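This briefing is meant to be read with the sequence and the structure side by side. The points are grouped by topic, so that each can be checked against the coordinates in turn.

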Amino acid sequence: MPKLNDLQSILLATAAQRESGSLYPLAESTAGTGARLKKALTALAKAGLVQERETSDKEATCRTEGDCRYGLFITAAGAAAIGIGEEPAGPAQAAPELSPAATPRTSKTADVIAMLQRDSGATLPELVEATGWLPHTTRAALTGLRKKGHAIARGKRDELTCYTLGAAAEA
């Protein structure tokens with residue numbers, strides 16, 4: 001369920017009380033909010049809590065385009081966000097099923113640490129290839145690990161600098 005600010009909650013609650021579900025005319029408590037109101041309405045539309053549709057009601061109009069009038073109306077998801085009705089079940093709402101062969105996702109930093117813990121360690125080109133980072137980003141990650149207390153030793157392997165991880169920091 002999305003987190004709503006006070007203004008968004010007022011807008012949705014007002015629309016839910018109307019038979020048409022229209023956000024317009026706006027509640028008196030939202031008057032004079034200007035840019036905040038526009039931002040709140042945009043966020044509600046992006047989250048799918050309100051939708052724009054054609055209307056014939058002059059008071060429910062938020063914009064006109066030629067002879068067509070458009071208004072903003074609360075959706076079922078919008079009503080559910082304020083505790084009215086049930087949230088619609090859909091593919092985006094369903095819990096993902098994990099296959100038995102699914103492996104847990106690891107972070108790139110965890111991959112770097114695993115490579116540094118190998119007996120042979122890891123060279124900068126190996127780390128760059130494994131993470132997809134640029135060399136300067138990879139070196140910055142190594143510096144970050146040092147700042148966290150990891151002892152990273154440097155050596156040579158085939159004319160390249162090889163990094164290995166010593167004792168990890170006590171957390």
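The accessible surface of the protein chain comes to about 11,600 Å², and carbon and sulfur atoms account for 52% of that area. The coordinates are those of a predicted model, and every value below is computed from them. Of the 171 residues in the protein chain, 30% count as buried.

**Overall architecture**

- The protein chain contains 6 helices and 6 strands, and, read from the N terminus, these elements follow the order α-α-β-β-β-α-α-β-α-α-β-β.
- Among the contacts in the protein chain with a separation of 6 or more, 46% are between residues 24 or more positions apart.

**Nonpolar cores**

- The largest nonpolar core is made up of 17 residues, and Leu11, Leu23 and Leu41 are those with the most contacts inside it.
- At least two residues of this core come from each of helix 1 (6-17), helix 2 (35-46), strand 3 (68-74) and helix 3 (76-81).
- Another core, of 13 residues, lies apart from the largest one, and its members include Val112, Ile113, Ile152 and Tyr163.
- As general background, nonpolar side chains in soluble globular proteins tend to be buried together.

- Strand 3 is largely enclosed by the rest of the structure, because 5 of its 7 residues are buried.
- Strand 1 (residues 50-54) runs antiparallel to strand 3 and is joined to it by 5 bridges, with Arg53 standing opposite Gly71 of strand 3.
- Strand 2 (residues 63-65) is also antiparallel to strand 3, with 3 bridges between the two, and the bridge partner of Arg63 in strand 3 is Tyr70.
- Strand 2 and strand 3 form a hairpin with 2 residues between them, and in its turn Gly66 has a positive phi of about 70 degrees.

**Strands 5 and 6**

- Strand 5 (residues 152-157) and strand 6 (residues 160-165) run antiparallel and are joined by 6 bridges; Ile152, for its part, has Leu165 as its bridge partner in strand 6.
- These two strands form a hairpin with 2 residues between them, and Asp158 in the turn has a positive phi of about 50 degrees.

**Salt bridges**

- The structure holds 4 salt bridges, one of which joins the side chains of Glu52 and Arg63 at 2.8 Å, N to O.
- Because Glu52 lies in strand 1 and Arg63 in strand 2, this pair ties together parts that are 11 residues apart in sequence.
- Both partners are partly exposed, with a relative accessible area of 38% for Glu52 and 32% for Arg63.

**Ser120 and its surroundings**

- Ser120 is found in the loop between helix 4 (108-117) and strand 4 (122-123), where it is partly exposed with a relative accessible area of 42%.
- Leaving aside residues up to four places away in sequence, Ser120 touches Arg157, Cys162 and Thr164.
- Although Ser120 and Arg157 are 37 residues apart along the chain, their C-alpha atoms are separated by 8.7 Å.

**Cysteines**

- How many disulfides does the model contain under a cut-off of 2.5 Å between cysteine sulfur atoms? The count comes to 0.
- Cys62 is partly exposed, with a relative accessible area of 30%, whereas Cys162 counts as buried at 7% relative accessibility.
- The value for Cys162 falls in the buried class because that class covers residues under 20% relative accessible area.

Definitions and conventions: Residues are numbered from 1 along each chain as its sequence is written. This is a predicted model: local features need pLDDT of at least 70, side-chain atom pairs count only at pLDDT 80 or more; totals for chains, interfaces and linings use all residues. Side-chain values use heavy atoms; hydrogens and water are left out. Helices (H or I, at least four residues) and strands (E, at least two) are DSSP runs, numbered from the N terminus. Buried means under 20% relative accessible area, exposed over 50%, partly exposed in between (1.4 Å probe, protein chains only). Contact means heavy atoms within 4.5 Å. Accessible areas come from the Shrake-Rupley method with a 1.4 Å probe; for residues, only the protein chains shown count as cover. A disulfide is a pair of cysteine sulfur atoms within 2.5 Å. A nonpolar core is a set of buried Ala, Val, Leu, Ile, Met, Phe, Trp, Tyr and Cys residues joined through side-chain atoms within 4.5 Å. Two strands pair if DSSP finds at least two bridges between them.
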